[in-house]
Amino acid sequence: MKLGWDLKKGLNWFLTAWKNWDDPSPGDFTRSTLHTNNPEEVMWKGTTQYYRSGPWDGIGFSGIPSVSSDSNTNYTIVSNKDEFYITYSLIDKSLISRVVMNQTRYARQRLAWNIDSQTWRVSSELPTDFCDQYNICGAFGICVIGQAPACKCLDGFKPKSPRNWTQMSWNQGCVHNQTWSCRKKGRDGFNKFSNVKVPDTRRSWVNANMTLDECKNKCWENCSCTAYANSDIKGGGSGCAIWFSDLLDIRLMPNAGQDLYIRLAMSETEIITGIEGKNNKSQQEDFELPLFDLASIAHATNNFSNDNKLGEGGFGPVYKGILPYGQEVAVKRLSETSRQGLKEFKNEVMLCAELQHRNLVKVLGCCIQDDEKLLIYEYMANKSLDVFLFDSSQGKLLDWPKRFCIINGIARGLLYLHQDSRLRIIHRDLKASNVLLDNEMNPKISDFGLARMCGGDQIEGKTSRVVGTYGYMAPEYAFDGIFSIKSDVFSFGVLLLEIVSGKKNRLFSPNDYNNLIGHAWRLSKEGKPMQFIDTSLKDSYNLHEALRCIHIGLLCVQHHPNDRPNMASVVVSLSNENALPLPKNPSYQLNDIPTERESSSNTSLSVNDVTTSMLSGR
Ligand code: ACK
C-alpha cells in the first residue's frame with residue numbers, strides 16, 4: 001500500500017473512513033501524508049487536523065514509539081521526481097493484517113487476523129492517548145502523560161495567557177520567559193530536550209548530510225530558527241532538521257523520541273563586557289561573555305562536591321555540573337594557589353568569547369563573584385585525549401580512523417586559531433591533555449589561559465616568562481622565549497607523533513636519541529617507519545595515512561621554525577597526496593633544557609606534564 005503523492009498526476013493516495021459501519025461512502029476522517037522534505041503522516045476530521053505521527057527519524061516515526069520495535073513491519077519512504085510516498089510491508093508473510101481508518105473511534109487501527117478465533121483483533125491504534133491530540137499544549141508547550149496537568153511550558157518559556165493556562169485552556173501556548181536578541185552573545189542559546197516527539201515539520205528544513213554541529217550553526221545563523229535536531233537518529237545520529245517560528249505539538253516520549261535542541265534566552269546569564277575595563281564599544285562587543293551567577297553554578301555542581309570533580313589541572317579543579325535545563329557543563333574553578341592567575345583567567349575569558357570553531361572547546365560563560373573565578377565550558381563526555389592515548393587498554397578504543405579524524409580535527413582547530421579567526425592566536429600549550437573529546441570522539445582544543453593574541457601581521461612574540469609543557473615546547477621558545485605560530489606547529493608535530501605511536505614524548509625511554517621525536521627520526525632514516533606505529537592498532541591502520549602522518553609530524557618538529565610548515569599546508573597535506581619535502585634533523589634535545597632554568601622560575605614546577613612557567617635566560 002502507498003500513502004503519498006503521484007507528483008506527475010497530482011494525485012494524493014490517502015485513506016478515508018466509511019461514513020459508518022453500514023455506509024461505505026466517504027466519511028470525514030482521513031489519513032494522509034504531508035509532502036515536505038521531512039514527511040509525516042497526519043489525520044484530519046474534515047479540515048481540522050487532529051493527529052500527526054512525527055517525521056521519520058531513520059528508525060521509526062518520531063511520535064510512534066512502537067514502530068521501531070514493531071519488528072514485523074518494514075517501512076520505506078520513497079521520494080523521487082515522480083512519486084513521494086510511505087509504504088510498508090509485513091516481514092512475516094504468513095500473517096494477515098490490515099489497516100483501517102475508523103470513523104467511530106477517530107482512529108487509524110491495525111488489525112491482525114487471529115486464526116484460532118477466526119476474528120480480526122486490533123494490534124495497534126493511533127492516536128494512542130491524550131498527548132497524541134494535535135497541538136494540545138499550543139506553541140512551545142510540551143505534553144507529558146501521567147502528569148497533572150499534562151501540558152507544561154518548555155523550560156525557558158511561560159504561558160502566554162497565565163489565566164487561560166490555569167483553566168486548562170492551553171491552545172494559546174507559551175512564550176519566552178524573557179526577551180532575547182538574536183545572535184547577541186549570551187542572550188540566546190540552545191538547550192537539549194531529550195526523549196521528545198519533534199515539532200510539526202511544516203515549517204522545517206532538512207539536510208541529511210550535515211553534522212549536528214553544522215546544524216547548530218545553521219540554526220544559529222538564522223534568526224527565525226527556533227530548534228534543531230538530527231534528522232536521523234540511527235548510529236548516534238546524523239543529518240540536520242531545523243525548525244522555524246513556533247514549535248507545535250511536542251510531547252514527551254518516555255524511552256523513545258529523540259533529542260531536540262531549542263533556542264531560548266539563557267535565564268541565568270547577563271552580559272559582561274569590558275572585563276579589562278575597556279569602554280570602547282566595538283571592543284566591548286568583542287569580549288562579552290555570559291556571566292553566570294555563583295549560586296546557580298554551586299547548585300549545578302552539588303556545591304563543588306568531590307563526586308562532581310572531573311579532575312585537576314595546574315590552575316585548579318574542574319567539576320561536572322548540570323544547569324537547570326539539563327545541560328551538562330564543565331566548570332573550571334580557579335584555585336587561590338593556581339598557576340593560572342587572574343591575568344590568564346581574563347585572557348581565557350576574552351579569547352573564548354571571540355572564538356567559535358567545532359574543534360575548539362566552547363566556553364559558555366564565566367563567573368567572577370566573591371573570591372571565586374569560574375569558567376563554564378561545554379561538557380566533553382570523553383574527557384581528554386591523553387586518557388585514551390597513553391593507556392594500554394583505553395588506547396585500543398582509538399582505532400586508526402578515529403585517530404586520523406582526531407589528527408585532522410586538531411589540525412583544523414589550530415589552523416582556525418592561527419589563520420581563520422579574526423584574531424591571530426598562538427595557543428602556546430597544545431598537548432594531548434589539552435585536547436578534549438566529545439561523545440562522538442570529536443577533538444576540541446581547550447585551555448586558552450596561556451594563548452596569546454597577535455595583532456595584524458604580527459606572527460611572533462617574545463616573552464621572559466616561558467610557559468608551556470616539556471616535551472611539546474619548540475626549542476626557540478624553550479630557550480629564547482620566542483613564540484610564534486611555528487612553535488605551535490612544533491607542539492602539533494609532537495602530538496601527531498604521539499597519536500600515531502600511542503606513546504608520550506616525555507616518557508619515552510631515552511635509549512635512542514632521547515625521546516619520541518628522535519625515535520621517529522631514526523626509524524624513518526633507517527627505512528623502518530612502520531615500527532613507529534602503535535602496536536595496539538594491529539593491522540587496522542591505513543599504512544599510507546599513518547606513514548604520511550609520521551612524515552608530517554617530522555616536518556613539524558624540525559629545528560628551525562622557518563623549515564616547519566604552517567597549519568594550512570599541514571591540513572592540505574593530511575588530506576592530499578601531494579609530495580612532501582624531506583624533513584631536516586629534528587629538535588629532539590629538549591630534555592637537555594638546563595635545570596637551573598627551572599629553579600629560576602618564579603612559580604613552582606611540576607615533574608609531570610603539567611604546564612610549567614619559567615624565566616627564560618637571554
Ligand atoms: O583528562 P580529564 O579526565 O579531562 O581530566 C581533566 C580535568 O578536567 C582537568 O583539566 C577534565 N576536563 C576539563 N575540561 C573539561 C570539559 N569541558 N569537559 C569534560 N572534562 C573536562 C579533563
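**Notebook: ligand shell, sheets and a disulfide**

I began with the ligand: 14 residues surround it, and the closest are Ala330, Glu378, Met380, Lys383 and Ser384. I counted a residue as near when one of its heavy atoms lies within 4 Å of the molecule.

A note on what I was looking at: this is a predicted model, in which local features need pLDDT of at least 70 and side-chain atom pairs count only at pLDDT 80 or more, while totals for chains, interfaces and linings use all residues. Residues are numbered from 1 along each chain as its sequence is written, and side-chain values use heavy atoms, with hydrogens and water left out.

**Entry 1: the ligand**

I looked up polar contacts next (pairs of N or O atoms within 3.5 Å). A polar backbone atom of Glu378 is 2.9 Å from a nitrogen atom of the ligand. For Met380, I also found a polar backbone atom 2.9 Å from a ligand nitrogen.

How much of the ligand's accessible area does the protein cover? I noted 85% of the 450 Å² that the ligand has on its own, with areas from the Shrake-Rupley method and a 1.4 Å probe.

Which elements give two or more residues to the shell? They are strand E24 (309-313) and strand E28 (372-378). Strands here are DSSP runs of E with at least two residues, numbered from the N terminus. E24 gives the largest share, four residues.

By class, I wrote down eight nonpolar, three polar and three charged residues in the shell. Ala, Val, Leu, Ile, Met, Phe, Trp, Tyr, Cys and Pro count as nonpolar, Asp, Glu, Lys and Arg as charged, and the others, Gly among them, as polar.

**Entry 2**

I followed E28 to its pairing with E26, which is antiparallel over five bridges; two strands pair if DSSP finds at least two bridges between them. Arg333 has Leu374 as its bridge partner in E28. Strand E25 (residues 316-322) runs antiparallel to strand E26 (residues 328-333), and five bridges join them.

**Entry 3: the three-stranded sheet**

I then turned to an open sheet of three strands in the order E9-E10-E11, with antiparallel pairing. Its edge strands are E9 (97-102) and E11 (119-126), each pairing on one side only. From one strand to the next, the twist averages 30 degrees, taken between lines fitted to C-alpha atoms, on a scale from 0 to 180 degrees between N-to-C directions. Six bridges join E9 to E10 (residues 107-114), and Leu111 in E10 is the bridge partner of Arg98.

**Entry 4: the eight-stranded sheet**

Another open sheet has eight strands in the order E13-E12-E20-E16-E21-E18-E19-E17, with mixed pairing. E13 (151-153) and E17 (204-207) each have a single partner strand, so one side of each is left without a neighbour in the sheet. I also checked E16 (residues 189-197) against E21 (residues 258-264): they pair in the antiparallel sense over six bridges. Phe190 has Arg263 as its bridge partner in E21.

**Entry 5: a disulfide**

I found five disulfides in the structure, each a pair of cysteine sulfur atoms within 2.5 Å. One of them joins Cys131 and Cys143, with sulfur atoms 2.0 Å apart. The torsion about their S-S bond is about -75 degrees, so this disulfide is left-handed. Cys131 lies in the loop between E11 and strand E12 (141-143), and Cys143 in E12, so the pair ties together parts that are 12 residues apart in sequence.

Technical notes. A polar contact is a pair of N or O atoms within 3.5 Å; within protein, one must be able to donate a hydrogen and the other to accept it, and residues adjacent in sequence count only if both atoms are side-chain atoms.
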